[in-house]
Every structure is written in C-alpha cells, then in structure tokens.
Amino acid sequence: MEPLRRRARLLSGRLVARDTWWMEFDCPEIAAGALPGQFVMLGKGLGDPLTWMLPRPFSVGLTRPGGQVGILIRAYGEGSRALCRVREGDSLVMLGPLGRGFSTDQPAECVAGGVGLAPFIFLADWYRRHDLPVRLIYGERDGGAVFDPGFIARLTGCEPEIFTEDGSHGRRGRVLEALSRDSAANSLLMGCGPSGMLRALAEHAVRVGRRLEVSVEEHMGCGVGTCQGCVVRGAGGDWIKSCIAGPVFDAADLDWDRAGGR
Amino acid sequence: MIEQRVFGAWFRSPVLLASGTCGYGQEYADLIDLESLGGLVTKAVSLEPRPGNAPHRVAETAGGMVNAIGLENPGLAGFIATKLPWLRDNLSKAQVLVNVVGRSVDDYAAVVRGLDGEDGFLGYEINVSCPNVKGGTMFGTNPAALAELVRRIRGETDRPLIVKLTPNVADVGEFAMVCEEEGADGLSAINTFPGMVVDTASRRPLIGNRSGGVSGPAILPMGVHATWRARQCSSLPVIGVGGIRSALDAMQYIMAGACLVQVGTASFVDPMAAVRVSEGLAALVEAAPERSIGDLVGSLDDA
C-alpha cells in the first residue's frame with residue numbers, strides 16, 4: 001500500500017528491558033496495511049519550532065486488529081531517548097508502512113540480535129494467525145537487556161530461545177550456536193540485528209546452503225527514497241537504497257565483504 | 001496572491017522543493033501534490049553516472065543534519081531515459097529546474113547541451129557548491145573559474161540559468177556580481193556548509209566520506225544573510241534556500257530579497273513541509289497590506 005502519514009497517539013508504553021520500551025500507538029490505517037519486516041518513520045513533525053528532530057526508522061513490532069501498532073525502542077542517543085520519553089496520550093508522527101518485508105509463505109527460523117527482535121514479534125504473531133511454524137532465537141549481550149520472555153510469548157504465542165553472551169539469562173553464547181546445534185533446515189532463515197551478527201549469519205547460510213533473508217539497518221533521512229542516504233552495497237557492487245529496495249533483502253543480493261564501504 | 005512570473009514562467013507558488021531532497025519528483029508523488037507547489041529542483045545530474053559515497057551518508061545534528069551522498073545519479077543519458085519522462089508526463093503546472101554538476105567546464109557544458117533539446121523542464125540550477133566530492137567547491141569559491149563556467153554554459157542555452165551559490169566564501173556578493181556579469185538569469189542562495197560529526201565511541205568520523213554538508217534550521221540565518229547580500233550586489237532574482245521549515249522562515253528570505261524559496265531538509269521531517277509553507281505564505285500574503293508576493297520581495301526595511 002502507499003505510505004500514509006498520520007498522528008499516532010501513544011496508548012501504552014512499557015519498560016521491557018534496560019533502556020528499552022515497548023510502545024503501542026493508535027494508528028489504525030497503518031496497522032491495517034503493514035506486513036512483517038516493513039518499517040515506519042517515527043518523529044515529532046514540524047509542529048514545535050523549538051524541537052528539531054529527524055524521524056527515525058523502526059520495524060513494525062506488531063499490529064493488532066484494534067488498530068494498534070507496536071514499536072520496540074531502545075534509547076541509544078538523544079533522539080531515541082526523546083522518543084522513549086513520550087507520555088501515554090501524547091502523539092508522534094508516523095509515516096508508513098514503508099519498504100519491503102519478509103517472505104511469509106513458508107516455515108521460518110528467525111535469528112534476532114538486540115532490538116532486531118522487533119520485526120520477528122510481528123512475524124511470529126502473523127505466523128501464529130496463519131498457522132505456519134516459526135522458531136525464534138533471540139540474543140542479547142547480557143540479561144538486563146533481555147526483553148521479558150513471558151511478554152514475548154503473550155504477544156506471539158511463541159517461546160523464544162534466549163542467548164546472552166555472559167550467560168546471565170538463557171543459554172550462554174551467541175545466537176548462531178543455536179543453528180549449529182539443531183536446525184530446521186527446510187525452513188527459511190531470517191535475521192535482524194547488529195551488522196556483525198548478520199554477516200556471521202550470512203556466512204553460515206552460505207556454508208550450509210540455506211536461503212537467508214535479512215533486515216538491514218542504515219542511517220536514514222527520509223524513508224521513502226528521496227535522500228539516497230540509507231544505501232547498502234549490493235552483490236553487484238552497486239549501492240542500493242535500503243528504504244525502498246529493503247529493509248529486507250535476500251542475503252545473497254548483498255556484498256557482505258564490503259557492506260559498510262570502509 | 002502568491003503566483004508570480006519569474007524567469008519567463010509562471011510559478012503558482014513561490015515554494016519549490018530543493019535539490020537532493022526530492023529525488024526526481026516521482027519519489028514524492030504518492031505523498032504530496034507536487035502540482036500545488038511552484039516546482040522542484042532535481043537531484044544533481046552529471047555527465048556520467050556516479051555511484052555516490054559509502055555509508056553512513058547522513059547524520060543528525062542539533063538543528064539540522066550532515067549529508068554526504070556524493071552526487072549519486074544515473075548520469076545525463078540515464079536521467080533523460082529514466083527520470084525526465086516522468087517529470088514531463090506528470091507535471092504541467094509545477095516548474096522543473098534540473099540541477100547540473102560537473103568536474104570540469106566541459107562536463108557542465110556537455111550536460112546542458114545534452115539536455116537542452118529535451119522537454120519536461122524549465123531551466124538549470126548550476127551546482128558549483130557541492131562540498132561532498134573532490135574539487136566540488138572549486139567553481140563556487142573562485143571568481144575567475146565561476147566566470148568562465150557561467151560564460152560557457154550561457155553559450156549552450158537560452159533557458160533560465162540559475163547558479164546555486166556556496167556560502168563558503170568571504171562575500172557571497174562578489175560571486176553574485178560575477179554571475180550577473182556573465183549572463184546568468186538568477187541565483188540560488190545557499191548550498192550547505194562543510195561539517196563533520198565524530199563518533200566518540202569508535203573515534204572515527206560518523207560520515208563515510210568523513211565530512212559532509214550541513215543543512216537544516218541551523219543555517220537559516222546564514223541563508224537569509226546571503227540572499228540579502230546577493231541582492232545588494234546584483235539585480236538577479238534570488239531563490240532563497242537553507243533551513244526553511246515554516247512560512248515565517250520563507251517570509252524572512254522573501255523580505256530579504258528572494259522571489260522564490262526552496263524547502264529541503266524539512267521535507268525529511270514532514271514530506272508535506274513545502275505544501276504547508278506554501279499554504280502559510282498564502283495566508284501571510286493575504287494578511288499583508290501589499291496582498292501580493294511580488295510586492296513583498298525585498299521589502300526589508302534595513303535603512
């Protein structure tokens with residue numbers, strides 16, 4: 001569907017991990033059209049002359065039949081911190097749904113790092129409603145950053161397998177270890193998370209001969225293809241706009257050796 | 001009454017979309033009514049295709065952003081084949097200026113010569129001020145080089161020829177005079193300022209190109225000043241650009257001497273920004289004693 005720009009009122013904001021909020025906005029038209037893996041640009045608009053902030057891209061974390069759009073926000077810098085401080089009842093400006101999402105027609109094995117979990121909450125719920133099997137593997141650096149697993153299960157009907165690097169929550173280690181142990185090789189592999197994790201996942205997929213879809217993250221200006229800011233390196237060496245050609249790509253279509261350019 | 005005749009054409013609104021922030025128009029067609037605006041300035045077109053810079057290409061700053069896209073574009077032939085037809089077929093009221101960039105005088109001349117027989121656009125905005133490529137500011141900061149460039153392009157076209165000035169000079173007025181003497185039809189003031197953002201965690205520049213151009217509300221007063229200075233030193237019409245996000249911002253440029261304005265970075269915050277500025281200007285003009293945008297241009301009382 002064509003992207004819509006709407007005021008989105010915050011219905012509920014819930015601290016789900018350190019510096020990490022699960023926010024549900026009232027935005028029925030965008031909720032109705034969004035697909036797993038698509039994103040929205042979330043910002044404050046131009047209404048307040050003392051506030052200048054570029055909107056930021058967020059994966060759609062969930063949609064509900066009642067018109068809610070769920071967003072997972074981790075406060076990294078001033079901008080994301082400002083968004084986390086929005087109070088229930090206040091509104092932000094949401095532009096979306098944007099970009100191309102994940103395939104949703106076959107069993108999936110999803111690997112999430114950090115807030116890369118967000119699109120897979122949506123996808124797991126989508127799969128539950130469409131009666132398709134999904135496995136959710138979720139890694140964080142430490143237990144304090146782990147999104148409440150009971151809450152994930154309530155949102156998606158899916159129990160995530162949790163890994164932390166320091167072993168303070170779930171299994172000690174990295175998400176890739178789950179794949180090497182036991183893996184549903186006939187399912188589509190999907191990934192979203194830090195670039196190092198995605199690169200390792202892409203190498204794994206090549207090694208074992210599985211198809212992999214990844215959701216990439218690059219600094220974005222506009223979200224709709226005009227600013228040409230959010231490029232990633234394609235397998236053919238060309239720069240590809242992640243906002244309209246992605247953010248979900250077949251991993252084989254990207255150049256993982258020169259992904260960052262430097 | 002915000003309609004005006006400038007560069008021999010009717011602009012139904014003084015508000016245009018700035019180069020580099022609206023792609024080639026088509027990207028915004030689903031989100032805004034381009035025909036309600038005065039027009040748009042395309043992303044820069046060079047003779048050969050350019051791949052652009054490595055990411056990150058954009059970073060936010062207080063009151064603005066830094067970008068170093070690197071003039072990514074499909075080149076002259078690609079622009080004519082894939083971008084210009086959409087502009088020609090879909091815009092009849094909004095005026096189109098093609099932003100032109102080059103590495104040499106011959107480059108610029110070849111792009112203008114190659115485009116001049118095509119339909120679908122009014123004229124050229126010559127980019128002598130992009131700081132993101134090697135040598136990109138050479139023409140904009142050297143009066144003799146700028147004179148040679150404008151003279152050469154003038155020889156290639158009778159269409160409106162507008163030069164987009166860089167603010168990175170001691171006195172913009174000197175460069176405005178050069179453009180007028182060499183036969184340019186107008187000026188755009190201003191392009192971005194060079195800037196850098198440091199990622200303190202990695203101790204590296206955040207932008208892949210290391211430095212980029214600063215735009216956004218932070219540069220509004222510099223743009224208004226450059227517009228005022230250009231009008232003091234030349235009689236060429238000025239298109240005011242830099243930091244506009246409201247009708248009052250645009251009115252500052254207009255009172256300082258701009259007959260048209262461009263909205264750029266604000267479109268990233270709100271794709272409707274230019275439309276809102278245009279509607280707001282209409283209301284401001286209606287409320288002013290002059291009731292006409294043309295009478296407000298340069299109406300600044302700076303005695």
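T227(B) is buried, with a relative accessible area of 0%. Buried here means under 20% relative accessible area, exposed means over 50%, and partly exposed falls in between (1.4 Å probe, protein chains only). T227(B) sits in helix α6 of chain B. Helices (H or I, at least four residues) and strands (E, at least two) are DSSP runs, numbered from the N terminus. Leaving out residues up to four places away in sequence, T227(B) touches A189(B), V238(B), G240(B), Y253(B), A256(B), G257(B) and A258(B). A contact is a pair of heavy atoms within 4.5 Å.

A word on the model and its conventions. This is a predicted model, in which local features need pLDDT of at least 70 and side-chain atom pairs count only at pLDDT 80 or more, while totals for chains, interfaces and linings use all residues. Residues are numbered from 1 along each chain as its sequence is written, chains are lettered from A and ligands numbered from 1 in the order in which they are written, and side-chain values use heavy atoms, with hydrogens and water left out.

Stay with chain B and move to helix α5, residues 172-181. Its buried residues are V172(B), G173(B), F175(B), A176(B), V178(B) and C179(B). An α-helix has 3.6 residues a turn, so residues three or four places apart point the same way. The cover over the buried residues of α5(B) includes α3 (138-141), α4 (143-154), β9 (161-165), β10 (186-189) and α6 (220-233) of chain B. D171(B) caps the N-terminal end of α5(B), with a side-chain oxygen 2.9 Å from the backbone nitrogen of G173(B). Just after the helix, G183(B) takes a positive phi of about 95 degrees.

Next, the nonpolar cores. A nonpolar core is a set of buried Ala, Val, Leu, Ile, Met, Phe, Trp, Tyr and Cys residues joined through side-chain atoms within 4.5 Å. The largest has 106 residues, and Y28(B) and I126(B) have the most contacts inside it. Setting aside neighbours within four places in sequence, I126(B) is in contact with V100(B), Y108(B), V112(B), L149(B), I153(B), L161(B), I162(B), V163(B) and K164(B). Another core lies apart from it, with 53 residues, among them L72(A), V86(A), L123(A) and L188(A).

Now the charged pairs. A salt bridge is a side-chain nitrogen of Lys or Arg within 4 Å of a carboxyl oxygen of Asp or Glu. In chain A, R135(A) bridges to E109(A), the closest N and O atoms being 2.5 Å apart. R135(A) lies in strand β9 (residues 134-140) and E109(A) in strand β8 (residues 108-113) of chain A, so the pair ties together parts that are 26 residues apart in sequence. Both R135(A) and E109(A) are buried.

Chain B has a salt bridge between the side chains of E72(B) and R57(B) (2.6 Å, N to O). E72(B) lies in the loop between β6 (64-67) and α1 (75-90), and R57(B) in the loop between β4 (39-41) and β5 (58-61) of chain B, so this pair ties together parts that are 15 residues apart in sequence. E72(B) is buried, with a relative accessible area of 13%. R57(B) is also buried, with a relative accessible area of 0%. Salt bridges with shared partners join E109(A), R135(A), E161(A), R171(A) and R210(A) into one network.

Then comes the interface. The contact takes 32 residues from chain A and 40 residues from chain B. The area buried between the two chains is about 3000 Å², and carbon and sulfur atoms give 59% of it. Buried area is the accessible area (1.4 Å probe) that two parts lose on being put together, summed over both. Chain A and chain B share two salt bridges. In one of them, the side chains of D270(B) and R5(A) meet at 3.3 Å, N to O. D270(B) is buried, with a relative accessible area of 3%.

Finish at D302(B), in the segment after α10 (293-296) of chain B. D302(B) is partly exposed, with a relative accessible area of 46%. Its side chain makes a polar contact with the side chain of W228(B) (2.6 Å). A polar contact is a pair of N or O atoms within 3.5 Å; within protein, one must be able to donate a hydrogen and the other to accept it, and residues adjacent in sequence count only if both atoms are side-chain atoms.
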